[in-house]
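Subject: Structure handover

Hello,

Here is the structure you were to receive. My notes on it come after the model.

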Amino acid sequence: MKTLYAVFGDPVGHSLSPVMHNAAFAALGMDCEYHKFRVTKDDLKEAIHGAKAMGFGGLNLTIPLKEKALRLVEPDPLAEAVGAVNTIEFRGNSIIGHNTDGVGAVNSLKLSGIVISHSNVLLMGAGGAARAVAYQLASKGARVTIANRTPKRAVELAANVSSVGRVEGTGLEDLASLVEQSHIIINTTSVGMHPDIDQTLVTEDMMHAGQVVFDLVYNPLQTKLLKEAKKAGAITVDGIKMLVLQGVESFRIWTNAEPPVDIMERAVRDVLGKQ
Ligand code: ATR
């Protein structure tokens, strides 16, 4: 009998996780299938326990369920520190919560040949995505500055993450000089996301050659920020890498199999290319 996997979210219609994981299962000849289900926060507990009762192999969680799940499962230390769960593992009688978002982001940079330790990283945004990324970058030895439209959120996030590394929080007022001083610039805000595709917080004149610019937004794939970065001669990393590499870590947790990363990435890029 097939082993089922799923992503829960609300909304979840546009999730690319099924395409990515089903491509991996097919490539490895595994008798597994991955689906998406719309689950509200109120129904999350029943949905997780229902999946466990039905013998699901594992789950992903997306907006707006990641934070709520923390209190419904046994979080591992990383998920606990980040304050959010994006991957659920059914292990014996236990329901374990993991967070692979930050690892996905850091591996996106590493696989592009970028050294994180001792780098100055400018992280724009202070929401859920920023939290996972900031925690992972700081614990890998980067010097992280979180810049956010609402400075208070950046300062609070920096204080939370400062137990694992060097992190400061600030507003967007001095963005030009922060960009100038950074080796790596990461956008975790929704600026530039469809339909506002002509927006960017950082423009060509603020960046220079040799910098690395990583946009977590993958809709569109070539955001205004990445286009401006290319014009400035910067190295760019698009949001598909993180989407795929967080999925790769989930796949490892569930299956103990080595995920076919290139096949997963191609499956997602094919779908996005057709949209
Ligand atoms: P996620 O969990 O995906 O990170 P979120 O928690 O809603 O989403 O966070 C969105 C981030 O994008 C926030 O940092 C938000 O800034 P505020 O904290 O000030 O709201 C940022 N953001 C959204 N729209 C923005 C805009 N037009 N300009 C600057 N920052 C913006």
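The notes below cover the domains, the pockets and some backbone details.

This is a predicted model, in which local features need pLDDT of at least 70 and side-chain atom pairs count only at pLDDT 80 or more, while totals for chains, interfaces and linings use all residues. Residues are numbered from 1 along each chain as its sequence is written, and side-chain values use heavy atoms, with hydrogens and water left out.

Domains

The protein chain is divided into domain 1 (3-99 + 241-274) and domain 2 (102-237); the bounds come from an automatic or database domain assignment. Their C-alpha centres lie 25 Å apart. In the contact between them, 15 residues of domain 1 meet 18 residues of domain 2, where contact means heavy atoms within 4.5 Å. The area buried between the two domains is about 1300 Å², and carbon and sulfur atoms give 73% of that. Buried area here is the accessible area (1.4 Å probe) that two parts lose on being put together, summed over both. On the domain 1 side, Val82, Met242 and Leu245 lose the most area to domain 2, together 38% of what that side buries.

Pockets

A pocket is an open set of points on a 1 Å grid over the protein atoms alone, where a 1.4 Å probe fits, with protein on both sides within 12 Å along at least five of seven lines; lining residues have an atom within 4 Å of a point. Grid points are joined across faces, edges and corners, and a volume is the space filled by probe spheres set on the points.

The largest pocket has a volume of about 1600 Å³. Domain 1 and domain 2 both give residues to its lining, so the largest pocket lies between them. The lining has 50 residues, and Thr62, Ile63, Lys66, Met193 and Tyr218 lie nearest the centre of the pocket. Strand E3 (58-61), helix H5 (128-139) and helix H9 (239-255) each supply at least two lining residues; H9 gives the largest share, four residues. Helices (H or I, at least four residues) and strands (E, at least two) are DSSP runs, numbered from the N terminus. By type, the lining of the largest pocket divides into 25 nonpolar, 20 polar and five charged residues. Nonpolar means Ala, Val, Leu, Ile, Met, Phe, Trp, Tyr, Cys and Pro, charged means Asp, Glu, Lys and Arg, and the others, Gly among them, count as polar.

The second largest pocket has a volume of about 180 Å³. Residues that line this pocket include Asn120, Arg143, Arg166, Glu168 and Gln181. Its lining divides into four nonpolar, four polar and three charged residues.

Backbone details

Most residues other than glycine have a negative phi, and most peptide bonds are trans. A cis peptide bond joins Asp10 and Pro11, with omega about 10°; Pro11 is in the loop between strand E1 (3-9) and helix H1 (17-28). Another cis peptide bond joins Ile63 and Pro64, with omega about 0°, and Pro64 lies in the loop between E3 and strand E4 (74-75).

His118 is not a glycine but has a positive phi of about 70°. Asn256 sits in the loop between H9 and helix H10 (261-274) and is exposed, with a relative accessible area of 74%.

Regards

Note on methods:
Buried < 20%, exposed > 50% of the residue type's maximum accessible area, 1.4 Å probe, protein only.
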